[in-house]
Amino acid sequence: CSRFAPLALPPGCFSAPLRAMAPPPEKKQKTEEEEKDAEMASEDKTPAKPEPPKELEVDAPKCSKPKVKEAAKFLVQDTTLNVMMSESTNTLMSLTEGGLQHLLAGARASVGISKGRYMFEVKIIEFATTLDFHPKGPPKHVLKVGFSTSGSSLFLGETADSICFESKGNFVHNKSYSKACFPFGNSSGTVLGVVLNLDPASPNANTVSLFKDGVRLSQPQPLPESLKGKTLFPAITYKNVTTHVNFGPEALTPLPFKCRMLQDAASGDVVVSKADAPAGGKYEVVFPVGLPGEGSFDRLDQFLEKNPKFTEISDRMILDWAEKSQVWRQKGYGPNSMTNKDKPEKSFGVKEMDDDSIRRAILTVAPMQARHYVVMEVKGNLMEDERKRLLAHWKDPMFKKVADIGVGEPPAAYKTKVHQAILKEKQEKAEKAWEARKVEKARLKQMAKKKKEAEKARQKAIKLAKKKADEAKKKIEEAKKKAAEAAKKKAEGEKEEEKEEEKAKDEEMKEEEKKEEEEEEVEEEEEEEPEEPEEPKPNEVLTPEEKQLSFKPSLVKDLTPVVLSANFTNFSLPGEGEGFDEIRYEWSKGAKAAEYLKQWVMDKKTHSRVEELKPSAWFHQRLGQFNKVVKEWKQKQVEYKAGLQKKVAEREAKKRAAVAKVAIAKAAAAKPAAKKPPTPPKKPGEAEAEEAKEDDPEKRKADAEEAIAAAEKEVEEAEAAEAEDKATEEAALADFKTLDVFGVANVLDLGNGLPLFKDFQNEDWALLSHMFELNLLVHAFAHDVADPERPGVHINHLSFYYRKYFNRDLKPKDFGVDSVQQVVDIVGDSVLYLNAKEVVSSQLDGEFESFAIFAQLTEAARRHRQLRIALGEEGAALKLAAQHGGGNAGKGGSRDGGWKSQQQKGSYQPFRGKGGKGHFSHPYKKGGKDAGKGKW
């Protein structure tokens with residue numbers, strides 16, 4: 001650099017000719033100073049503005065070829081539903097009410113360019129004023145101008161089939177944005193010119209350019225490879241902007257060069273789209289009818305693929321339209337943002353879009369536009385009332401209303417597409433996982449390599465430090481040795497020998513260093529680890545189970561469980577008299593489709609939940625009665641046990657009193673007569689008689705023996721009474737053990753106040769309540785649903801209904817088991833059993849007057865359990881972890897029936913009764929002679 005002094009280089013660095021060309025010192029110094037001044041002067045100057053690129057476009061030559069005859073315009077089929085247009089002037093507006101003001105509008109011209117260079121213009125007329133926009137949403141006003149292929153999306157830049165300039169100054173293709181120019185379209189009266197150059201002889205071949213008011217706004221933007229060689233149609237996407245689109249033949253604003261307008265194009269350079277000519281002069285409005293979970297939306301997608309001129313009207317379409325319009329949504333977009341496909345949650349934060357005003361606006365506008373429609377509602381198209389409501393929008397005679405029914409066994413072609421879609425999804429998922437494994441493997445390999453290199457460097461540093469320390473130590477030792485030897489050596493010859501010795505040592509050290517370096521090099525040349533074979537790219541295939549599928553599984557259901565449960569019983573197929581002009585059966589035909597629907601509904605009644613079910617007053621009444629009876633039974637058990645204890649205590653007290661009397665009598669007999677205190681004088685005759693009596697020892701002895709005998713007799717009587725009571729109790733116990741519990745007339749008194757449930761423990765009372773609750777649940781469900789076609793509570797939904805009725809969860813772990821079915825098994829099939837459809841069924845009638853059968857069943861189960869325990873059977877005992885009352889008897893909960901149990905390992909086998917499963921015989925059996933009779 002001329003700012004720095006020249007380097008002082010040694011002579012001979014330059015060749016002779018260069019040295020000859022070097023200026024003299026004085027001249028050289030002067031030249032450097034001039035260069036410094038010139039450089040400083042240039043730095044003070046403002047950089048010159050770069051000259052604009054030279055315009056490579058040239059004037060279009062005169063053309064004598066035939067010109068296009070058809071007028072370039074916008075066809076209804078190539079516009080979005082919210083476009084309002086004037087065909088005579090090609091003026092475009094968009095609807096601004098009912099939520100449509102938040103959505104983009106799009107329109108594509110009817111004439112497309114296949115070769116040559118042509119242009120069209122867009123003049124901004126006005127901007128619509130709107131106030132109800134979400135702060136997180138997109139701009140209020142949007143304008144995009146560009147080109148797209150026939151039949152592609154009307155939203156420019158969204159797919160690989162279109163390109164555009166957007167008002168922010170970006171060039172957009174397939175959602176990819178690149179800065180192309182300054183922002184435009186922010187003022188009324190602006191004229192935008194869009195030039196498409198497909199002339200291969202032009203330096204700007206296969207480019208598109210944007211001009212504003214006749215001035216180039218962007219440099220030529222190259223067409224993507226996906227659009228080269230295709231016919232491109234002028235298109236515009238906008239929101240809340242009124243525009244006039246000029247196709248020619250004259251331009252509103254001339255460009256720096258002469259360019260022909262689209263309407264002035266040679267007929268051989270363009271392709272003209274024709275307006276739809278519907279068969280029979282009527283446009284079709286198709287209502288797809290399909291069952292939830294059986295390919296409704298997959299069939300719709302296949303229909304639209306075959307019939308691209310049909311416009312979909314559905315909540316799914318509105319959600320897709322909002323996404324393309326960049327409308328903010330709380331849950332975002334994509335499959336994971338929806339709970340169902342038919343009526344996904346809106347959550348836009350905009351009133352008109354969240355309250356379905358936008359859907360009503362679309363259904364109001366659509367019948368005014370001549371085009372084909374497909375109206376998709378899974379639930380609505382399956383219900384007669386809603387079908388009539390939808391049909392009422394399409395009264396215009398230009399529409400033909402068609403019910404397209406896809407119910408039954410789908411054809412092979414449909415199944416093939418389903419299997420292809422499943423395999424594609426499976427392959428993409430496998431490839432994604434494969435790519436992730438590759439990246440992770442490379443990352444781990446790189447980490448291992450860096451770790452190895454770091455360890456090698458660390459070991460090398462350790463060796464080097466050790467070597468330097470050894471050398472330093474060696475030098476110190478040698479210096480000490482030399483100093484000691486130097487003091488002794490004085491002769492010259494000795495000094496020469498010392499030098500020779502030092503020289504030999506130096507040579508030796510050099511050899512050692514060289515050898516060590518060679519060893520280090522050998523260590524560094526370690527063998528590289530062999531490359532692991534690369535994991536091959538996965539090649540997925542369908543499993544046998546997947547090949548049997550007729551419909552593609554989806555994580556997002558067509559309907560929510562609540563909506564399905566509340567409405568499927570009202571599902572029906574379209575019929576004559578509803579207002580359809582035609583009813584088509586795509587899969588099963590006529591009666592077969594109706595029979596398929598009937599069987600489908602029956603199956604749903606078995607396997608679906610009744611979400612809106614509420615416990616009836618009958619249920620609460622029966623539960624309250626049971627709780628009251630159980631409370632009385634428990635009180636009776638307490639009173640009976642207290643009576644036994646009282647009786648035993650009375651016998652013991654009586655016996656103790658008799659024994660005490662014997663002891664007192666014996667003590668009195670053994671005690672000598674005591675001197676009496678002086679008494680008042682008596683008459684002579686009385687005194688002698690009394691003294692003679694008291695002094696009679698025989699008499700005193702006889703009295704004592706008599707008292708002892710009487711007391712001992714009382715003891716014997718007490719012992720006899722106790723033995724008699726025990727014998728009676730043992731006999732009663734023997735009778736109780738052999739008692740036929742189901743032959744008992746009164747469970748409260750088997751005789752002498754003995755209740756049937758005298759030996760019930762906590763687990764027995766819990767089992768009794770559990771039996772009753774499940775039995776009541778089965779009957780209450782049938783009573784409250786009041787649908788004879790519903791077979792009952794499916795085992796998969798028992799926990800759901802238990803929660804609804806008893807206001808607490810049915811947790812298998814609380815019963816010491818792993819599944820709900822095992823919870824049912826605890827009760828035993830003498831009460832409940834699962835039928836062939838896995839529906840919980842009861843052996844007992846729901847209308848019996850007495851609850852005694854549950855005490856009898858519980859006692860039978862207790863005896864059976866005790867027998868198994870006595871036999872040493874593992875897992876026979878039920879062990880309660882805790883006892884808890886439901887506390888919600890008024891709301892469906894049982895106060896005494898709640899319980900938790902922990903069961904020993906093994907399978908608890910409840911008492912099965914007489915006759916085994918389904919053949920239990922007792923007087924309270926459903927339909928029995930004495931059903932409902934008996935005493936509490």
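Colleague: Which residues of the largest nonpolar core touch the most other members?

Modeller: The model is predicted. Trp633, Leu768, Tyr801, Tyr805 and Phe854 touch the most other members of that core, which has 61 residues. Two or more residues come from each of α13 (617-670), α16 (762-785), α17 (798-806), α18 (820-827), β24 (832-834) and α19 (852-870). The largest share, 12 residues, is given by α16.

Colleague: What makes such a set a nonpolar core?

Modeller: Its members must be buried residues of the listed kinds, among them Leu, Phe, Trp and Tyr, joined through side-chain atoms within 4.5 Å. In soluble globular proteins, nonpolar side chains tend to be buried together.

Colleague: With which residues is Phe854 in contact, leaving aside its neighbours within four places in sequence?

Modeller: On that basis, Phe854 is in contact with Leu768, Met771, Phe772, Asn775, Leu844 and Phe848.

Colleague: Why is Gly290 called buried?

Modeller: Buried means under 20% relative accessible area. Gly290 has a relative accessible area of 8%, and is therefore buried. Gly290 is found in the loop between β18 (283-289) and α3. Leaving aside neighbours within four places in sequence, its contacts are Ser296, Val378, Leu382, Gly406 and Val407. The C-alpha atoms of Gly290 and Asp404 are 8.6 Å apart, although 114 residues separate the two along the chain.

Colleague: What makes helix α6 mostly covered?

Modeller: Of the 9 residues in α6 (residues 357-365), 7 are buried. These are Ser357, Ile358, Arg359, Ala361, Ile362, Leu363 and Val365. Their cover includes β19, α4, α5 (351-354) and α7 (384-391).

Colleague: How does the reach of helix α12 compare with the expected value?

Modeller: The expected span is 1.5 Å times one less than the number of residues. For α12 (residues 590-607), with 18 residues, 26 Å is expected; the helix reaches 26 Å from its first C-alpha to its last, which is close to that value. Its buried residues are Ala593, Leu597, Trp600, Val601, Lys605 and Thr606. They pack against α11 (561-567), β22 (582-585), β23 (793-794) and β25 (839-842).

Colleague: How much space lies in the largest pocket, and which residues are closest to its centre?

Modeller: The largest pocket holds about 1,600 Å³ of space. Its lining has 47 residues, and Lys341, Pro553, Ser554, Leu555 and Val556 are the closest to the centre. The elements giving two or more lining residues are α3 (296-306), α4 (315-324), α8 (412-488), α11 and α12. The largest share, 6 residues, comes from α3.

Colleague: What can be said of the volume and lining of the second largest pocket?

Modeller: Its volume is about 1,100 Å³. The lining comprises 33 residues, of which Gly151, Ser152, Ser153, Pro308 and Phe310 lie nearest the centre. Two or more lining residues come from each of β1 (74-79), β4 (105-109), α3, β19 (310-313) and α4. Here α4 gives the largest share, 5 residues. By class, this lining has 10 nonpolar, 11 polar and 12 charged residues.

How values were computed: Residues numbered from 1 in each chain as written. Predicted model: local features only at pLDDT ≥ 70, side-chain atom pairs only at ≥ 80, totals over all residues. Heavy atoms only, no water. Buried < 20%, exposed > 50% of the residue type's maximum accessible area, 1.4 Å probe, protein only. Helix = DSSP H or I, 4+ residues; strand = E, 2+ residues; numbered from the N terminus. Contact = heavy atoms within 4.5 Å. 1 Å grid on protein atoms, 1.4 Å probe; cavity = no way out; pocket = protein on both sides within 12 Å on 5 of 7 lines; lining within 4 Å. Points joined across faces, edges and corners; volume = space filled by probe spheres on them. Nonpolar A, V, L, I, M, F, W, Y, C, P; charged D, E, K, R; others polar.
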